Amino acid sequence: MPTESILTVNHLTINPIKQVENKLVNDVSFHLPKAKITCIVGESGSGKSLTALSIVKLLSSQLESLGEIIFNQKKLHELNDKQLRSIRGSEIAMIFQDPMTSLNPVFTVGYQVSEALLAHHKLTKNEARKLTEKAFTDVGIPADRYDNYPDELSGGQRQRVMIAMAMINKPKLLIADEPTTALDVTVQKQVLDLINNLQKKHQMTVLFITHDFGVVEDIADQVLVMYRGKIVEQGVAKSIIKNPKHPYTKALLKCIPSIHSKKTLQPIDYLKLEREMAKL
Ligand SMILES: Nc1ncnc2c1ncn2[C@@H]1O[C@H](COP(=O)(O)OP(=O)(O)OP(=O)(O)O)[C@@H](O)[C@H]1O
Ligand SMILES: [Mg+2]
């Protein structure tokens, strides 16, 4: 029996307002299986972030979108701002590439995470502090970092704070948009392992965005490959890595040292790729 899905996206199309012919995301449809990690992989500008932002209706006001977003039987595309606010940060949480843009420099990190908790639960300040300190230790930050300001932490610690904030309300779905890109390689691996472990522990569904097939190989159950606003290939990650069908997926996989370690890495030849795609 196929795994139950927690989120369904049907025919999502995004374009700048009144420019229907300029499709930044073009008729994208997919399911997220419950308690699994799905990666969206694709190069810069392929529409990964716009797809993720449209799930929680956080697209820029210069853009418009069409299509259905169904989360746990709720039609998110039909909800108003107030209804969406109660879902964002509680049932669906998001982590972005650069934690400095999400953290407010004038408040302590502990205060900011506890506010995220208090926004959705009736708790005393003291109870919220205790739960926040526990969330910090769960992501590998000492509880006494509660009173630090964001600029007093390292990049890796700030991203852990963002993960603690995302996890504090025990979301059913975590959307992580390139959360490790700004970090150095060893810290990247630690943050990736942390998300992977938290996902397993809480049986959470994760939508993880990356341009790196190496990350897909590490963590993904399912993968969606995006190219120029479209999903060109999707399915079980292991099968696609072993036997890619689409020319773009094949080209992307040839850029990964860990997978084709004995072969020379090949940069993508876009002219050749377009010719191959025209034959499909
Ligand atoms: N507000 C906007 N107005 C017009 N075009 C936009 C807007 N936001 C994004 N775009 C365009 O939409 C396309 C997809 O953007 P998106 O941010 O989804 O790419 P991405 O796949 O996340 O890339 P990256 O890996 O660089 O983050 C890009 O060509 C981008 O220039
Ligand atoms: Mg992006």
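How many nonpolar, polar and charged residues does the shell around ligand 1 have? By class, that shell has three nonpolar, seven polar and three charged residues. The model is predicted.

**Ligand site**

Around ligand 1 there are 13 residues, of which Ser44, Gly45, Lys48, Ser49 and Leu50 come nearest. Among the secondary-structure elements, helix 1, spanning residues 48-55, gives the most to this shell, contributing three residues.

| Residue | Atom on the protein side | Distance to an oxygen atom of ligand 1 |
|---|---|---|
| Serine 46 | polar backbone atom | 3.1 Å |
| Leucine 50 | backbone N or O atom | 2.9 Å |
| Glutamate 178 | polar side-chain atom | 3.3 Å |

Taken alone, ligand 1 exposes 650 Å², and the protein buries 64% of that area.

**Protein chain**

The protein chain contains eleven helices and ten strands. Its radius of gyration is 19 Å, close to the 19 Å that the globule rule gives for 280 residues, so the chain is as compact as a globular protein of that length. Along the principal axes, the C-alpha atoms fill a box of roughly 65 × 45 × 40 Å.

Of the 280 residues in the protein chain, 48% are buried. The chain exposes about 14500 Å², and carbon and sulfur atoms supply 52% of this area. Among contacts in the chain with a separation of 6 or more, 66% are between residues 24 or more positions apart.

Note on methods: Residues are numbered from 1 along each chain as its sequence is written. Chains are lettered from A and ligands numbered from 1 in the order in which they are written. This is a predicted model: local features need pLDDT of at least 70, side-chain atom pairs count only at pLDDT 80 or more; totals for chains, interfaces and linings use all residues. Side-chain values use heavy atoms; hydrogens and water are left out. A residue is near a molecule or strand if one of its heavy atoms lies within 4 Å of it. A polar contact is a pair of N or O atoms within 3.5 Å; within protein, one must be able to donate a hydrogen and the other to accept it, and residues adjacent in sequence count only if both atoms are side-chain atoms. Accessible areas come from the Shrake-Rupley method with a 1.4 Å probe; for residues, only the protein chains shown count as cover. Helices (H or I, at least four residues) and strands (E, at least two) are DSSP runs, numbered from the N terminus. Ala, Val, Leu, Ile, Met, Phe, Trp, Tyr, Cys and Pro count as nonpolar, Asp, Glu, Lys and Arg as charged, and the others, Gly among them, as polar. The radius of gyration is taken over C-alpha atoms; the globule rule is 2.2 Å times the number of residues to the power 0.38. Buried means under 20% relative accessible area, exposed over 50%, partly exposed in between (1.4 Å probe, protein chains only). Contact means heavy atoms within 4.5 Å.
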